[in-house]
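Please read this short report with the sequence and the structure side by side, and look up each residue as it is named.

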Amino acid sequence: MALPYFIFNGIDSRDIDGIVVIKLPDMMKAQKDINKIEIEGRDGFLTEDLGSYRGTVKTVECTLKANADIDYISSWLDGSGEVTFSNEEYKVYDATIINSISFKEIFNIWHSIIIQFECQPFKRDLSTSIITLTSSNSTVYNNGTTTCKPIIKVFGEGNINITINNNTFNLTNVDEYVIVDSDLLECYKDTELKNADMNGDFPLLHVGENTISYAGTVTKIEIQLNLRYK
């Protein structure tokens, strides 16, 4: 059986001398935000689904051998970034290390450490896929388990209307192309913000089938899906 590992900010624990991963976090679904309502004189309670999910804390336990560079490891395991665990090797989480890492000495020359990653509630595919549309009334599938926030690059000129399912947003003054980024909630071309040239909500792709149509001078549309999983 392969030894467990994790990758944080592009650095693989297997590539660091002296660090041995002892335990990875269990795979778990994020907790949904539910408001519990109790009414005096009524048995039990009512619930209100707030439509959001909480972040999760994922704990990794490691042992450091005598040859481990503690200063380097301390510098690496700091701040925020992307983390992948080997028991979910094709998924990535956006995470922040939230604990003060203590290097507890064991067996005189070895140390044990615990790393706590506070992760955003949804994981993403490690690799991203881009779909190209060249005709209106096309269908795009979200094969994740929750809505995704796509990055849409629209190639065309002038004023363009794009409808995804029943929601339409408008782009004006398009010159060659413009990017609609539903993750960052920004519309831009290169480094120039184009939010003033966009009217409407940033689009989401629902789980399953999504219909996309457009009106105006459009050459093609490229969609980075950014699939997400509970």
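This is a predicted model: local features need pLDDT of at least 70, side-chain atom pairs count only at pLDDT 80 or more; totals for chains, interfaces and linings use all residues.

Glutamine 31 is partly exposed, with a relative accessible area of 49%, and its place is in the loop between strand E3 (19-23) and E4.

Leaving out residues up to four places away in sequence, glutamine 31 touches Ser52, Tyr53 and Arg54. Glutamate 61, by comparison, is 30 residues away from glutamine 31 in sequence, and the C-alpha atoms of the two are 23 Å apart in space.

Strand E4 covers residues 32-37, and isoleucine 37 belongs to it. This isoleucine 37 is partly exposed, with a relative accessible area of 33%, and together with Ile39 and Leu46 it forms a nonpolar patch on the surface, the three having about 210 Å² of accessible area together.

How many salt bridges does a search of the whole structure find? The search finds 10, and one of them joins the side chains of lysine 91 and aspartate 125, with a distance of 3.4 Å from N to O. Because lysine 91 lies in strand E8 (residues 91-97) and aspartate 125 in strand E11 (residues 123-125), this pair ties together parts that are 34 residues apart in sequence. Both lysine 91 and aspartate 125 are buried.

A salt bridge is also found between aspartate 94 and arginine 124, whose closest N and O atoms are 2.9 Å apart. Aspartate 94 lies in strand E8 and arginine 124 in strand E11, so here the parts tied together are 30 residues apart in sequence. Aspartate 94 is partly exposed, with a relative accessible area of 32%, and arginine 124 is partly exposed as well, with a value of 21%. Salt bridges that share partners join Asp94 and Arg124 with Glu82 into one network.

## A salt bridge between lysine 220 and glutamate 222

The side chains of lysine 220 and glutamate 222 also meet in a salt bridge, with 3.3 Å from N to O. Lysine 220 is partly exposed, and its relative accessible area is 28%.

A search of the whole structure for disulfides finds 0. Cysteine 62 is buried, with a relative accessible area of 2%.

Cysteine 187 is likewise in no disulfide, and the cysteine sulfur nearest to its own, that of cysteine 148, is 18 Å away. Cysteine 187 is buried, with a relative accessible area of 0%.

Which residues touch the most other members of the largest nonpolar core? Of the 24 residues in this core, they are Val154, Ile162, Leu171, Ile221 and Ile223. The elements that contribute two or more residues to this core are strand E14 (151-164), E15 and strand E19 (208-224).

Valine 154 gives a detailed view of these surroundings: if its neighbours within four places in sequence are left aside, valine 154 is in contact with Ile160, Ile162, Leu171, Val174, Glu176, Tyr177, Val178, Lys220 and Ile221.

Asparagine 173 has its place in strand E15, which covers residues 167-181. The phi angle of asparagine 173 is near 60°, a positive value in a residue other than glycine, and asparagine 173 is exposed, with a relative accessible area of 53%.

Glutamate 176 also lies in strand E15, and its phi angle is near 75°, again a positive value in a residue other than glycine.

Methods: Residues are numbered from 1 along each chain as its sequence is written. Side-chain values use heavy atoms; hydrogens and water are left out. A salt bridge is a side-chain nitrogen of Lys or Arg within 4 Å of a carboxyl oxygen of Asp or Glu. Helices (H or I, at least four residues) and strands (E, at least two) are DSSP runs, numbered from the N terminus. Buried means under 20% relative accessible area, exposed over 50%, partly exposed in between (1.4 Å probe, protein chains only). A disulfide is a pair of cysteine sulfur atoms within 2.5 Å. Patches are made of residues with over 30% relative accessible area and no salt bridge: like charges are joined within 9 Å, nonpolar side chains (Val, Leu, Ile, Met, Phe, Trp, Tyr) within 5 Å. Accessible areas come from the Shrake-Rupley method with a 1.4 Å probe; for residues, only the protein chains shown count as cover. A nonpolar core is a set of buried Ala, Val, Leu, Ile, Met, Phe, Trp, Tyr and Cys residues joined through side-chain atoms within 4.5 Å. Contact means heavy atoms within 4.5 Å.
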